[in-house]
Amino acid sequence: MRKTRFCAFVLAALFILVSLPSAAAASAERPAWFPEDLDSLPGFYDSTAPRIVDFADVFSPGEEAAIQARIDWLCEKYSTDFVVVTDITTYELGADDYSFYFYKNNGYGVEPRYSGNILFISFEPGNRTWWSQAFGEYEYLFAGSNRNNVNVVDDAIEPYMHSGDYADGVIAYIEKLGELYEYEGELPAPPLTFADFKVPILAGLGGGLIIALIVLFMLIGEMRKVAIGSEAGAYIVPGSFILSRSADHYLYSSVTRTKREKSGSGGGSSFSSHSSGSHSSSGGGGRSF
Amino acid sequence: MSEFYNPNATQGTLERYQCPSCGAPMNFDAASGNVICQSCGNQMTIDAAKAMQKPGHGDNDFNWGDYKAGLSYNGQLDTNVYQCHSCGAMIECDASTAATTCPYCGNNVVLSDRVGSGIKPNYIIPFKIQKKDLKPLIDNFYKKKRLLPKDFFSENNIGKAQGIYVPFWFFNCGVAGGLSMNASQSFSYSEGDYDCVRTDHYLLEREGSMAFDKLPVDASTKMDDDLMDSIEPYDYSELVPFNSAYLAGYVADRFNSDPDAELPRANARMMNSAFSAFRSTAGNYSVEGIRANNLHISQADCKYAMLPVYLFHCEYRGKTYRYAVNGQTGKLVGELPISKGKAAAWFAGVFAGVFVLVSGALSLMQLLGR
């Protein structure tokens, strides 16, 4: 009887231990705006929804006004929608899922395809990052052959993010986004400068110097055909070399270990794409700061 | 160092071994029959430990014994030996030569300057290249020398070319014994986040023998060693016993350097070649150096030979350039002057060409990639 009780106790303890992590995951806190049914996101447009959602409270009223002015300019000129969200956590969603579900479930995007953009800035401790996504008709801005545009907008915002000038970063982002709209995702190449040719010129100088030196030394070598003899191989009597004993003795081993360089993002952007049910997909990316 | 009893050693002796990896003492392990380092745990066989103890000698520390026995000192020569008053060179001519010039300084040598006889050469290789054959050889030598100054070549120089029999010592010997070499084998592999290279260190023991025949070393201090080494090889199938009749029309330099003085050069060349031969038996090991050299010389012998050489020199801008032609094979060696202007032009031309090609191609790729 006591044995049966003991077995039951052990089984119960094992069950509790195994089920603890999943229970914790299941109860991970979700924000109030998070959709209940992830498989069905019908999308809707709410013109009254705020286009600046500052959960992290990083913008001053004056900065919010300046950002709002640029959002209004962007949306009016290009018939699009834009929302910037800040938060101190991603609720374990990751920046991409956070921004995707926030956009899809809070009334953003111009109908019929709920087109527009979101910029999400996460101030989660140890995981400060920003993420931008394009939806609907404008998904092409960050997708396919235009994927590098994520780098373009990230380059525009990055200096501000690192210096803590978040409002100016958002404004710079919106203006760069405006340029992308203007040129339908294909920005004209910037005018060439001397810096663009620095690498070819340096490579040419280096390559020229090395090859010219090699050629010169070869030509000089042709002019000096004299050298003190160092070998006598030509005077070994043919067939006279006889190896009478050969022994290879193992002594010891040594090991050198070199830590492999990890190919990190190095300031480059990471990318992702999303799709939800039968509705429009989205493309985007972001960086840490 | 620790001591332990080696059952394979001579009765009653104690041997001391040191770990090649960390330098700590190694002790005999009865269970494995190996020696084990007390510090790092490295293990090796007793044979390996004993091989490491073997001493060697210096590369040139050879006993050539009575190798000069074959030389005919004070042999009867039917040649005359003269000394040039201008440069001091000793010149041998056949008895019928009436007058000649010094091949080194060009001065006339007076017959009354005869100083006596010397060692009778064992061999001679007769001249095969005639003086008239030198012109095409020299033309060919200058051909495609892109840095040669335009005003350097003058036919007058060829006119002064002098055929001379140069004295050489021929060193013959057998080389036998053992050689031990430090060697290693490396393997690369990955371990987690690390790139690893394991290097296994070995001691390679080789024993064997080889024979060297007629390694020539010039026996005249007035001859440039690099010129004489560079005109090798001679075809020894045309080597004949010395006969002064071959000197007719030519002069012969007389040795003024004893074989003992030239032995180190011969030793160095032979040892390099012996090391190369043993090194070639290392298979897949990478040889890092010679640990102990126990090679020794046997059946050493030295002979005196006269080999045909044409010598000429050119003066250019205050500097003398000396050339030598192998009188048997026609091989011409020597250092040519370098035109600084041509060198600069070549450097600038190649540099500019490569610069335009590389920077142009990269710029084009950058423009196309925009």
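Analyst: Let me begin with one residue, bearing in mind that this is a predicted model: Trp33(A) has a relative accessibility of 11%, and because buried means under 20%, Trp33(A) counts as buried.

User: And Tyr98(A), is that buried or exposed?

Analyst: Tyr98(A) is buried, with a relative accessible area of 0%.

User: How many aromatic pairs are there over all chains?

Analyst: The count comes to 41 aromatic pairs over all chains. In one of them, the ring centres of Trp33(A) and Tyr98(A) are 4.9 Å apart and the planes stand at 70°, so this pair is edge-to-face. Trp33(A) lies in the loop between helix 1 (2–26) and strand 1 (52–54) of chain A, while Tyr98(A) belongs to helix 3 (residues 95–104) of chain A, so the pair ties together parts that are 65 residues apart in sequence.

User: Which residues form an aromatic cluster with those two?

Analyst: The cluster that holds Trp33(A) and Tyr98(A) also includes Phe34(A), Phe55(A), Tyr91(A) and Phe100(A), among others. As for Phe34(A), the charged end of Arg30(A) sits over its ring, 5.3 Å from the centre.

User: Switching topic, what about the largest nonpolar core?

Analyst: The largest nonpolar core has 85 residues, and Phe171(B) and Met228(B) have the most contacts inside it. Strand 16 (residues 286–316) of chain B gives the most to this core, with 13 residues, and the core draws at least three residues from each of domain 1 (10–139) and domain 2 (162–338) of chain B. A second, separate core of 32 residues includes Leu119(A), Ile121(A), Tyr173(A) and Leu177(A).

How values were computed
Residues are numbered from 1 along each chain as its sequence is written. Chains are lettered from A and ligands numbered from 1 in the order in which they are written. This is a predicted model: local features need pLDDT of at least 70, side-chain atom pairs count only at pLDDT 80 or more; totals for chains, interfaces and linings use all residues. Side-chain values use heavy atoms; hydrogens and water are left out. Rings of Phe, Tyr and Trp (its six-membered ring) pair if their centres lie within 6.5 Å; planes under 30 degrees apart count as stacked, over 60 as edge-to-face and the rest as tilted. Helices (H or I, at least four residues) and strands (E, at least two) are DSSP runs, numbered from the N terminus. Buried means under 20% relative accessible area, exposed over 50%, partly exposed in between (1.4 Å probe, protein chains only). A charge sits over a ring if NZ of Lys or CZ of Arg is within 6 Å of the ring centre and within 35 degrees of the ring normal. A nonpolar core is a set of buried Ala, Val, Leu, Ile, Met, Phe, Trp, Tyr and Cys residues joined through side-chain atoms within 4.5 Å. Domain bounds come from an automatic or database domain assignment.
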